[in-house]
Amino acid sequence: MTKTRIAVAGAGYIGQAHMQVLAESSTCELAAVVDPSPAAQALAQEAGVPLYESLEQLLALGRPDGIVLATPNQFHVPHAQLCIHAGIPMLLEKPVAPTVAEARALAEAAQRSHARILVGHHRAHSPIMARACEVIAKGTLGRLVTVMGSALFVKPDHYFSDAPWRKEPGAGPILLNMIHEVHNLRMLCGDITAVQAFASHAVRHFPVEDTVAINLRFASGVLGTFLLSDTAASPRSWEQTSQENPAYASYPDEDCYVVAGTHGSLSVPTLRLNTYPTETDRSWWKPFETGVVEMTREDPLARQMAHFGAVIRGEADPLVTVQDGLANLLVTEAIVQAARTGRRVDITH
């Protein structure tokens, strides 16, 4: 079988993760690296592929089957437009754009051109999330009522000293981390239509927040709460509970989401399930039937790359579209606005 040839633009942390996944793929292979930095030369040499300083140079000299755009956020839109114009499928890392206005323009351009774009919300490819969504879709929990979520972790001091821009407006855990959570919450409970939020920077005193408490209203009528902090010493985050990324310490008995309906509740990612045995036995005085839903664990980045290869070859439609990326960005911007104004912010999709 001829492997699908994929170039990676942006040789930073996530770009290198994509390169590693391609090196281990049975269906795709790394075709080139695109990055003007001196460090990229060694990475390309080690991988045995050409290095290009720009996307324009790649498109002129070494057209691949597809491109991973893992470049800095401010370049996502112009780089995506280059790929659209060239007719090359892309895996566009999140966020799709720095602002909602730019994301809307990109979505319109993609729709006009029938571009094949997969947005890099890799948790959407998690088999744990797929199994949780399956349980909910089957009606096991009854009518959904509420969801509680958390992303509580500690970023070390060098995280900020290594990249001082992370202390400044435009960074902060709402924009850098919450967008992952928004997509997971949308997978579990549907679109989010309104938010409220309190934010604090009382621990680090940076210009950006370090802790946020968020209320969520979903189109389905579900209400949710979410606690976000990058200075809270807790294992209740996706990275520390899902066991999908070995770079993080893992706590297999912890959860970061609980979804509850009229008949039962599901904790994620352990997939512990509590349900009432019958309709008439629903009462806080009655015991639940308890169990754990069977699941498998696989690397979501590897599954995402395999899916991207299928999108390139025309075998699948993107699991996460530009419209999904726009919807996630709308919610994170609304949370920022709600925290700044102290008011509820309604979201129009």
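This is a predicted model: local features need pLDDT of at least 70, side-chain atom pairs count only at pLDDT 80 or more; totals for chains, interfaces and linings use all residues.
Select tryptophan 284 to begin: at 74% relative accessibility, tryptophan 284 counts as exposed. The classes used throughout this tour are buried for under 20% relative accessible area, exposed for over 50%, and partly exposed in between, with a 1.4 Å probe and protein chains only.

Residues are numbered from 1 along each chain as its sequence is written, and side-chain values use heavy atoms, with hydrogens and water left out.

**Aromatic pairs**

A pair of aromatic rings is described by the distance of the centres and the angle of the planes. Rings of Phe, Tyr and Trp (its six-membered ring) pair if their centres lie within 6.5 Å; planes under 30 degrees apart count as stacked, over 60 as edge-to-face and the rest as tilted. By this rule the model has five aromatic pairs.

Next, select tryptophan 238 and tyrosine 257. Their pair is stacked, with 6.0 Å centre to centre and 25° between the planes. The pair joins distant parts of the chain, 19 residues apart: tryptophan 238 belongs to helix 10 (residues 238–241) and tyrosine 257 to strand 11 (residues 257–261). Helices (H or I, at least four residues) and strands (E, at least two) are DSSP runs, numbered from the N terminus. Both tryptophan 238 and tyrosine 257 are buried.

Select histidine 205, in the loop between strand 8 (192–200) and strand 9 (211–218). Its phi is near 60°, a positive value in a residue other than glycine. Histidine 205 is exposed, at 58% relative accessible area.

Glutamine 243 also has a phi near 60°, positive although the residue is not glycine. It is located in the loop between helix 10 and strand 11, and glutamine 243 is partly exposed, with a relative accessible area of 35%.

**Isoleucine 136 and helix 6**

Move to isoleucine 136, in helix 6 (residues 127–137). Isoleucine 136 is buried, with a relative accessible area of 13%. Leaving aside neighbours within four places in sequence, isoleucine 136 is in contact with Leu141, Leu144, Leu188 and Val259; contact means heavy atoms within 4.5 Å. Aspartate 35 is 101 residues away from isoleucine 136 in sequence and 42 Å away in space, C-alpha to C-alpha.

Now show helix 6 together with helix 9 (residues 178–189). Their axes are 8 Å apart and the helices pack at an angle of about 30°. Axes are lines fitted to C-alpha atoms, for helices over the stretch in contact, and angles run from 0 to 180 degrees between N-to-C directions. Helix 6 and helix 9 are therefore roughly parallel to each other. Angles under 35 degrees count as roughly parallel, over 145 as roughly antiparallel, 65 to 115 as roughly perpendicular and the rest as oblique. Met129, Ala132, Cys133 and Ile136 of helix 6 make the contact with Asn184, Met187 and Leu188 of helix 9. By class, this contact of helix 6 with helix 9 has six nonpolar, one polar and no charged residues. Ala, Val, Leu, Ile, Met, Phe, Trp, Tyr, Cys and Pro count as nonpolar, Asp, Glu, Lys and Arg as charged, and the others, Gly among them, as polar.

**Helix 5 and helix 12**

Select helix 5 (residues 100–113) and helix 12 (residues 322–341), whose axes come within 10 Å and cross at roughly 170°. That makes helix 5 roughly antiparallel to helix 12. Helix 5 contributes Val100, Ala103, Arg104, Leu106, Ala107 and Ala110 to the contact, and helix 12 contributes Val322, Gln323, Leu326, Leu329, Leu330 and Glu333. These residues divide into nine nonpolar, one polar and two charged.

**Two cis peptide bonds**

Proline 95 lies in the loop between strand 5 (90–93) and helix 5. A cis peptide bond joins lysine 94 to proline 95, with omega about -10°. Then select proline 269, in the loop between strand 12 (264–268) and strand 13 (272–275); valine 268 and proline 269 are joined by a cis peptide bond with omega about 15°.
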